[in-house]
Amino acid sequence: MSFFAGKTVLVTGGCGTVGRELVRQLLDLQPREIRVVDTNESEVFFLEQELLQHSRRNPESQVSSLCQLGDVRDADKLNRMFAGVDIVLHTAALKHVILCERAPFDAVQTNILGVRNVIEAALNNDVERVIFTSSDKAVNPTNVMGTSKLMGERLITAANSLRLQGRTIFSSTRFGNVLGSRGSVIPIFARQIQQGGPVTLTDRRMTRFIMTLEESCRLVLSAAEKARGGEVFVTKMPVIQIADLAEVMIQELSGQYGYSPDRIVTSEIGAKPGEKLYEELMSDEETRRTIELQEMFAVLPAFRSVYEEISYEYEDIVSQQLDEAYVSSPENAMTREELARYCVQHDLLSPWMAQPALIPLACSPIDTEKRRAA
C-alpha cells in the first residue's frame, strides 16, 4: 500500500503545471479523496471534467475528488477546505520574477501571507502533514519572488514549533527548473525555432539545474513520506548550459519547420536584472546542517532547540555531512550528446514536433516565403 492510500490529500494551486501533475500521480496512489483549490475558473472546470472521466474509465478506482475555486489569501475558505484533510501539498504561488517585481505586495499576499493561512488552517484542522514547494531562487535571493519563497520556507519550518500537542508536520521541497512547464525555456526556444530564429540567450555562460515535471512531482510525493518536521528537501538534479539546450533544440526541431539547423542563429541579449549566471540550491551555511539521501538532500532546521525533539532518521541516508554547497557548475554540466539523450528519454521535445510553424503577425506574405525558402 502507498503512503497516500486511504488518505485525503489537498493540493493548492492544483491547476498549475506542478499541481496538475501531482494530481495525476496521486490517482495511482489510491488516496481516499483528492481536493484541489485554485483561482483559475476555467482550469478548475477542465480538471474536474478530467477527474470525472478518469472515474468513468476506471470504475474500480475508489478515489473521489473535489475541485473548488479558492485563493490561499482567503483564510476562511482554506479552513473549510482543510476539514478532514490528512496531507496538504502547497504549490499555489506567484512564480514569475519580473511580475513579482512589478507587483511586490501581491507576491507578499500570496507567497508569504498565503503560506501563513495554509499553516493556520492545517493547525486548526489537525492535518497530518504539509509540504511546501519552494524554489532555487529562495537561496541567496536577488528578487522579490525569491525572497518571498525564502520567507515561505522559514514560516513552514518555524510552524513546527506551533503545533504543541497536534500532529502536523511541516516541511518544504526546493527544486530548480522544470523543463517543459509553462514559462520554462523549452516553450520559448521552440516558438523561436518555429519562427526561423533567432534563438535568444541572455548569457552563453549561464548554467541551470533541470528536471522533468514527472521527476519533480515524484520527489515532492517522496518528500511528503520522508518528512519529520522542519526540513527543506533539495532534489538532486543534472546541470546543463542553456546555450547547449538551445543548440540541441535547433538540431532536433528546425527540420520540422523546413529550416536548416545552420540557418537558425542564436543571439545573446544580456542577463536580466538580478539574474544569476549559475543556480544555488543550497547555501554554504546550509551545507553544515545537511544530510545526503539517495535522491535528495535534507537541510535540517537551524534552530532545532526551538522545536520538540525530532529524530531525523531516514532509510536511505548516504552521508551525514556535506562538504560543499550545491550549485550549478559548468564543470558538472551534461555534454550536448547527454542532453540530447535526456530530452529524447523524457520526451521533452515531441510536443513541439507536431505543431505547425507560427507565422509572426508582422510578416508579409513575401517575408513568409523568404523564411520558408531559408
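Author: Gladly! Let's begin with a term: contact means heavy atoms within 4.5 Å. This is a predicted model, where local features need pLDDT of at least 70, side-chain atom pairs count only at pLDDT 80 or more, and totals for chains, interfaces and linings use all residues. Residues are numbered from 1 along each chain as its sequence is written, and side-chain values use heavy atoms, with hydrogens and water left out.

Reader: Which residues of H2 does H1 meet?

Author: Helices here are DSSP runs (H or I, at least four residues), numbered from the N terminus. On the H1 side, the residues are Arg-20, Val-23 and Leu-27. In H2 they meet Glu-43, Phe-46, Leu-47, Glu-50, Leu-51 and His-54.

Reader: Are H1 and H2 roughly parallel or roughly antiparallel?

Author: H1 (residues 17-27) and H2 (residues 41-57) pack at about 15°, with axes 12 Å apart. Axes are lines fitted to C-alpha atoms over the stretch in contact, and angles run from 0 to 180 degrees between N-to-C directions. Angles under 35 degrees count as roughly parallel, over 145 as roughly antiparallel. H1 and H2 are therefore roughly parallel.

Reader: How many of the ten residues of H7 are buried?

Author: Buried means under 20% relative accessible area (1.4 Å probe, protein chains only). Among the buried residues of H7 are Ile-186, Phe-189 and Ile-193. Helix H7 (residues 185-194) is largely enclosed by the rest of the structure, because its buried residues number seven.

Conventions: Buried means under 20% relative accessible area, exposed over 50%, partly exposed in between (1.4 Å probe, protein chains only). Helices (H or I, at least four residues) and strands (E, at least two) are DSSP runs, numbered from the N terminus. Angles under 35 degrees count as roughly parallel, over 145 as roughly antiparallel, 65 to 115 as roughly perpendicular and the rest as oblique.
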